Amino acid sequence: MRIIFHTGKGGVGKTTMSAATALKAARLGYKTLVISTDPAHSLSDSLGITLSGQPVEIVKNLWAQEVNVLDEIREHWGELQNYMSSLLITKGFDDIVADELAVAPGMEELSSLFQLNLHTKSGEFDLIVIDCAPTGESVRLLTLPDVVDWYVNKIFSITRTAVGFIRPIMKTSLLLPEDSVFESIERLLKQIAEVKEIVNNPEITSVRIILNPEKMVLKESQRAFTYFNLYGYNVDAVICNRILPPINDSYFANWNELQNKYISEIGDSFSPIPILKNRMLNTEAVGVELLEMIGNEIFGDHDPTDIMFKEQLQKIRKEGNDYFLSIYLPLVEQEKFSLKKKHDDFIIEVGNFRKNIVLPRTLTALEPSDAQFANGYLDIKFSEPDKLT
């Protein structure tokens, strides 16, 4: 079983890359499912076929699905949502408003992951490709099982005990949850734990960042990459999409120059992770024939289901009042280096090697105060500015 999440800034071609990857795998004989979790579904358009909330067979070995979030919420959160809605109505909210407010933060994203859990447990597919929502939502999607698991477990254990004492002895206007609500939460907790085990397993699950050679796209991709590393998710490849061919035309000369500049920066930012490339087509990437051509260009003779890289490139730890950022640089000779920081941009230069990263918020107010190589990592100490004087 193999699971690949595709993420990136809106409009970079995540859906096209997801469909092309899935089709390439299917042609190699893997039973493959591509799932869209983006509320603004475009997988149907890319494949040129109508999809539904259940897997639809496209060609031999390939199925596709667009998750119906409303159906998933009713299926997995119905009991809890009904209780929350009833509780809001007792506080004077209109029925429709109460129904809307009863959709708790994270319900939609987790509902999509429950579909992943269902298909993983079935063992029906060799590969599942997840076409995620834009980058920020993807980060939240992957980190939700950890966050919700912690909060619900803490609150649930306390609340159920309290209600068990209160319900028999108190008459109150507060609508206390019935046992069926707690049983529903217990089922949810079990599913969340199963989802957490899947997305946190680097032996089967990895993230691939889709980007275009543009400044704003690269910046957002760097930031997402930093957070995926901090949460321990394995980014095993970067796919650079919509690369212009050399054009002998003065109008496009500046575009070629800009793209070449950002392609170089992409290499600096994500090395040594494999960077796969796809040129811009002269038409819309719609239909199986074009998607197959794209898949062949991206992967060539390589197997798209391979885990192409397996190393956490950035790690953070805290010691006392200082933080340490470890950057994986296994191929860099240990010589003089320079560190440059401006707000959340951080540039490391070692000889002819240059690496650009975006710092997490924890480190943006701190300054690098010391650094040294150890076991293939450059270990950089960050301290509060007043401690450096």
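**Strands, a crossover and a helix pair**

Me: Which residue stands opposite K277 of strand 8?
Reply: Happy to start there, bearing in mind that this is a predicted model. Strand 7 (residues 235-243) and strand 8 run parallel and are joined by four bridges. In strand 8, K277 has as its opposite number C240.

Me: And what is the handedness of the β-α-β crossover from strand 7 to strand 8?
Reply: The two strands are parallel. Between them the chain passes through helix 9 (residues 250-270). The hand of this crossover is right-handed.

Me: Which side chains of strand 8 point to the buried face?
Reply: Side chains alternate along strand 8 (residues 275-279).

Me: Let's turn to the open sheet of four strands; which strands stand at its edges?
Reply: The order in this sheet is 9-10-15-14, with antiparallel pairing. Two of the strands each have a single partner strand, so one side of each is left without a neighbour in the sheet. Those edge strands are strand 9 (314-319) and strand 14 (367-374).

Me: How many bridges pair strand 14 with strand 15?
Reply: Strand 15 covers residues 377-383 and pairs with strand 14 in the antiparallel sense. Within this pair, A371 stands opposite I380 of strand 15. From one strand of the sheet to the next, the twist averages 20°. The bridge count for strands 14 and 15 is seven.

Me: How are helix 1 and helix 10 oriented to one another?
Reply: Two packed helices are described by the angle and the distance between their axes. For helix 1 (residues 14-27) and helix 10 (residues 288-299), the axes come within 8 Å and cross at roughly 85°. An angle of 65 to 115 degrees counts as roughly perpendicular. Helix 1 is therefore, relative to helix 10, roughly perpendicular.

Me: How many residues of that contact between helix 1 and helix 10 are nonpolar?
Reply: Helix 1 contributes T16, M17, A19, A20, T21, L23, K24 and R27, while helix 10 brings V288, L291, E292, I294, G295, N296, I298 and F299. Four of the contact residues are polar and three are charged. The nonpolar ones number nine.

Me: To finish with the whole protein, what share of its residues is buried?
Reply: The protein has eleven helices and 15 strands. Of its contacts with a separation of 6 or more, 70% are between residues 24 or more positions apart. Among the 389 residues, the buried share is 48%.

How values were computed:
Residues numbered from 1 in each chain as written. Predicted model: local features only at pLDDT ≥ 70, side-chain atom pairs only at ≥ 80, totals over all residues. Heavy atoms only, no water. Buried < 20%, exposed > 50% of the residue type's maximum accessible area, 1.4 Å probe, protein only. Pairing = 2+ DSSP bridges. Right-handed = clockwise from strand over helix to strand, strands pointing away. Axes fitted to C-alpha atoms, helices over the stretch in contact; angles between N-to-C directions. Parallel < 35°, antiparallel > 145°, perpendicular 65-115°, else oblique. Contact = heavy atoms within 4.5 Å. Nonpolar A, V, L, I, M, F, W, Y, C, P; charged D, E, K, R; others polar.
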